[in-house]
Amino acid sequence: MTVSREGTAAAAPSIVVNGDPREVEPGLSVAELLYGLGLDAAMVVVERNRQILARQDLAGTPVEDGDRFELVHFVGGG
Amino acid sequence: MGSATPADGPLVIADRSFASRLIVGTGKYRSNAEMVSAIRASGSEMVTVAVRRVDLDRSRDEGILHHLDPAEFFLLPNTAGCYTAPDAVRYARLGRAAGLNDWVKLEVIGDDRTLLPDTTATLDAARELVADGFRVLAYTNDDLITALRLEDAGCAAVMPLASPIGSGLGLVNPYYIREIKRRLEVPVIVDAGVGTASDACLTMEQGVDGVLMNTALAAAENPVGMAGAMRLAVRAGREAYLAGRMASREIAVPSSPAAGMLE
């Protein structure tokens, strides 16, 4: 038995969020990923594979296998 | 009667003006409530913030925007913690993407014991960020040549240190700071090293345009009290500078008339 390309694509994407590996359900958008993590998109900046994602693109950008996300926000600093 | 102290104008950086010449950081406070109270007591309008990963396992309200209203304070994102120009550029872009403004307090550290800046990397990052449309306020050494190059690179302000970050050692080289102020046209903000009110006052007496501090407030026994003292000290130092100090001399000159003494 062989695993088709389609079968691989339907598997849960493995991604890395802030350095930690995670598996997410297939077909998520980045906006849905944030929602699932309990984050307010208005308070977070998303870097996907070293590219900053504009807020208006979060809903239209799919989470893909191998994606590396950095989710950052402002904290106290000098 | 003599004339009053010359009227001071606002601190103008790029296209913005600020009534307060004191800029404060938001790090290391014991609580967010204390931080906000201290910032209000300082009278500062511009406050610095850092860019860090969201902690996915902790509470959801740790972000500073839950405590500081960008309508009340002008938030200046920094690149603190960056040791290379590419990292600083990356952090600056993340800060800008938060959507508040296109300003950045550029900081590229070269040594983790002294936190002294890597001036070569700072210059590289400054050039790239200016080309990318940022208003760059560059933390740097008290070195005139680097300060001049940062100005040439298009920085909106140059921010030499008083002494190492968080050290509280005060203004270690007033002469270098004065010379930087004399030679630059962009605002000179002394950033880092101020420990107490006299340090802030002495710094402002050198004629610089402003002072930026964080630990002096956050690590004071009473941050709100120290913030009020710093507000007065920055103002006093500025007014003393504008008023023009007397010449100092190493021999006493009596203040009361020598004539008219009794036999």
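Student: How many aromatic pairs does the rule give over all chains?

Tutor: The count comes to 4 aromatic pairs over all chains, where the rings of Phe, Tyr and Trp (its six-membered ring) pair if their centres lie within 6.5 Å. The model is predicted: local features need pLDDT of at least 70 and side-chain atom pairs count only at pLDDT 80 or more, while totals for chains, interfaces and linings use all residues. Residues are numbered from 1 along each chain as its sequence is written, chains are lettered from A and ligands numbered from 1 in the order in which they are written, and side-chain values use heavy atoms, with hydrogens and water left out.

Student: Why is the pair of B:Phe18 and B:Trp103 called edge-to-face?

Tutor: Their ring centres are 6.1 Å apart and their planes stand at 80 degrees. Planes under 30 degrees apart count as stacked, over 60 as edge-to-face and the rest as tilted, so the 80 degrees of this pair makes it edge-to-face.

Student: Which parts does the pair tie together?

Tutor: B:Phe18 belongs to strand S2 (residues 16–18) of chain B and B:Trp103 to strand S6 of chain B, so the pair links parts that are 85 residues apart in sequence. Strands here are DSSP runs of E with at least two residues, helices are runs of H or I with at least four, and both are numbered from the N terminus. B:Phe18, B:Phe74 and B:Trp103 make up one aromatic cluster, and both B:Phe18 and B:Trp103 are buried.

Student: How do you know that B:Val24 counts as buried?

Tutor: Buried means under 20% relative accessible area, exposed over 50%, and partly exposed in between (1.4 Å probe, protein chains only). B:Val24 has 0% relative accessibility, so it counts as buried. B:Val24 is found in strand S3 (residues 22–24) of chain B; from B:Glu45 it is 21 residues away in sequence and 8.6 Å away in space, C-alpha to C-alpha.

Student: How many bridges pair S7(B) with strand S8 of chain B?

Tutor: S7(B) and S8(B), residues 157–160, have 4 bridges in the parallel sense. B:Thr140 has B:Pro160 of S8(B) as its bridge partner. With helix H4 (residues 144–152) of chain B, S7(B) and S8(B) make a right-handed β-α-β unit.

Student: What is the volume of the largest cavity, and how many cavities does the search find?

Tutor: The search of the whole structure finds 1 cavity of 30 Å³ or more, and the largest has a volume of about 60 Å³. A cavity is a set of points, on a 1 Å grid over the protein atoms alone, where a 1.4 Å probe fits but cannot get out, and lining residues have an atom within 4 Å of a point. S5 of chain A and helix H2 (85–97) of chain B each give two or more residues to the lining, and S5(A) gives the most, with 3 residues. The lining includes A:Val72, A:His73, A:Phe74, B:Leu94 and B:Gly95.

Student: Why is A:Asn49 called partly exposed?

Tutor: Its relative accessible area is 37%, so A:Asn49 falls in the partly exposed class. A:Asn49 has a positive phi of about 50 degrees although it is not a glycine, and its place is the loop between strand S3 (45–48) and strand S4 (51–53) of chain A.

Student: What makes B:Ala192 count as buried?

Tutor: B:Ala192 has 8% relative accessibility, so it counts as buried. Its phi is also positive, near 95 degrees, in a residue other than glycine. B:Ala192 lies in the loop between strand S9 (189–191) and helix H6 (197–205) of chain B.

How values were computed:
Pairing = 2+ DSSP bridges. Right-handed = clockwise from strand over helix to strand, strands pointing away. 1 Å grid on protein atoms, 1.4 Å probe; cavity = no way out; pocket = protein on both sides within 12 Å on 5 of 7 lines; lining within 4 Å. Points joined across faces, edges and corners; volume = space filled by probe spheres on them.
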